Amino acid sequence: TPSFEQKMELLQTLRAVTEGKIHVELERARLTRTLSKIREDEGNIAEAAELLQEVQVETYGSMDKEEKVDYILEQVRLCLDKGDYVRGTIVSKKITSKTFKNNELQELKLRYYRLLNRLHDEKDDYLEMANSYFSMLETPIVQEDPAQWMPILKSVVVHLVLSKYDNHHQDFLERLLEDKKLDQVKPYKVLLTYFKTVELIRWSALETMYKAELQLHAAFQGDKFERRWKDLRTRVTEHNIRVISTYYTNIKVERLAQLLELSADDAEKHVSDMVVSGAMWCRIDRLNGTCVFTPTKDPTDSLNSWSNNISELLGKVERMCHLIHKESMVHGSAK
């Protein structure tokens, strides 16, 4: 039996001989992966990653699709293990969701989205993480096994709740609430419903109900807990501000702070942040201590709006008269 040193020497020799030769590019790629695995087992992740990065398998016509995807996923994994998230992001873009259409390569699809979630988790990109988990949830092999889909569905809900409000977020939330599987994870369905309804969420009650449950979730594990819990509090506050702006044209800052369960300064800061991000319109009158949520309309705009409404009303009245006349004619001829 050849020794480890002899095997390594043979590997290096074969790689040197096959370098630059197109007709043996597939064999060289496999040799490189074998060498990379040896280096990884030795604990040299950086060298293992660099070895694998040399191979541009996406250009190889002789390699079948499954092996090619598997190879690229291994390149991404080693980049992430090395801590090189920038290169990992670049390499991951060699694969797209279309690669897994028609439910092909389901195991590789799950691996791909798990790696994407490691990238998104580093940047706290909650909406993208929710999308990735949802793509995993739609995979047939996951759908068939409750032990797999239940934790994934919980992860979709948690990351969707943590993500910032926008049209994509709202559309996703509506679609997710239609999923019948949510009935089997009732607390998470209730949590989602809180963010759908135009009602205030009492933070103190939510904290009492969900803190113990969410602490067990991977998204809140370790040193991420404080930051993620603060993000959840911010999402609840933003939801409540949107609800208040729906029902109030203006409100005292003290009353706003009371409804948000915050200090006046914190309430003002959250409103200001939402205005700056373009999420809502508001003006704060510090002298009177009020927040105004409805912009002052220009008299000309108000007059034009009134004129348009009257024109629309008259048009409907005229159409109604035509329909009445038509009915009278039909019934008159029938007699």
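**Stop 1: the whole chain.** Keep in mind that this is a predicted model. Turn the view around: along the principal axes, the C-alpha atoms fill a box of roughly 100 × 70 × 45 Å. A compact globule of 335 residues would have a radius of gyration near 20 Å, while this chain comes out at 30 Å. Of the 335 residues, 40% are buried. Looking at contacts with a separation of 6 or more, 56% come from residues 24 or more positions apart.

**Stop 2: helix α9.** Now select residues 146-162, which form α9. How far apart are its end C-alpha atoms? They are 24 Å apart, and that agrees with the 24 Å that 17 residues should span at 1.5 Å a residue.

Stop 3: Select the three strands, which make an open sheet in the order β1-β3-β2 with antiparallel pairing. β1 (250-252) and β2 (283-285) stand at the edges with a single partner strand each, so one side of each has no neighbour in the sheet. On average, neighbouring strands here are turned by 20° against each other, direction ignored. Zoom in on β2 and β3 (residues 290-292): their antiparallel pairing runs over three bridges. Pick Ile284 and you'll find its bridge partner, Cys291, in β3.

**Stop 4: two loop residues.** Some background first: most residues other than glycine have a negative phi. Go to Asp124, in the loop between α6 (106-122) and α7. Phi of Asp124 is positive, near 55°. Is Asp124 buried or partly exposed? Its relative accessible area is 22%, so Asp124 counts as partly exposed, as buried means under 20%.

Finish at Glu261, in the loop between α14 (253-260) and α15 (264-276). Glu261 is not a glycine either, yet its phi is positive, about 60°. With a relative accessible area of 33%, Glu261 is partly exposed.

Conventions. Residues are numbered from 1 along each chain as its sequence is written. This is a predicted model: local features need pLDDT of at least 70, side-chain atom pairs count only at pLDDT 80 or more; totals for chains, interfaces and linings use all residues. Side-chain values use heavy atoms; hydrogens and water are left out. Helices (H or I, at least four residues) and strands (E, at least two) are DSSP runs, numbered from the N terminus. The expected span of a helix is 1.5 Å times one less than its number of residues. Buried means under 20% relative accessible area, exposed over 50%, partly exposed in between (1.4 Å probe, protein chains only). Two strands pair if DSSP finds at least two bridges between them. Axes are lines fitted to C-alpha atoms, for helices over the stretch in contact, and angles run from 0 to 180 degrees between N-to-C directions. The radius of gyration is taken over C-alpha atoms; the globule rule is 2.2 Å times the number of residues to the power 0.38. Contact means heavy atoms within 4.5 Å.
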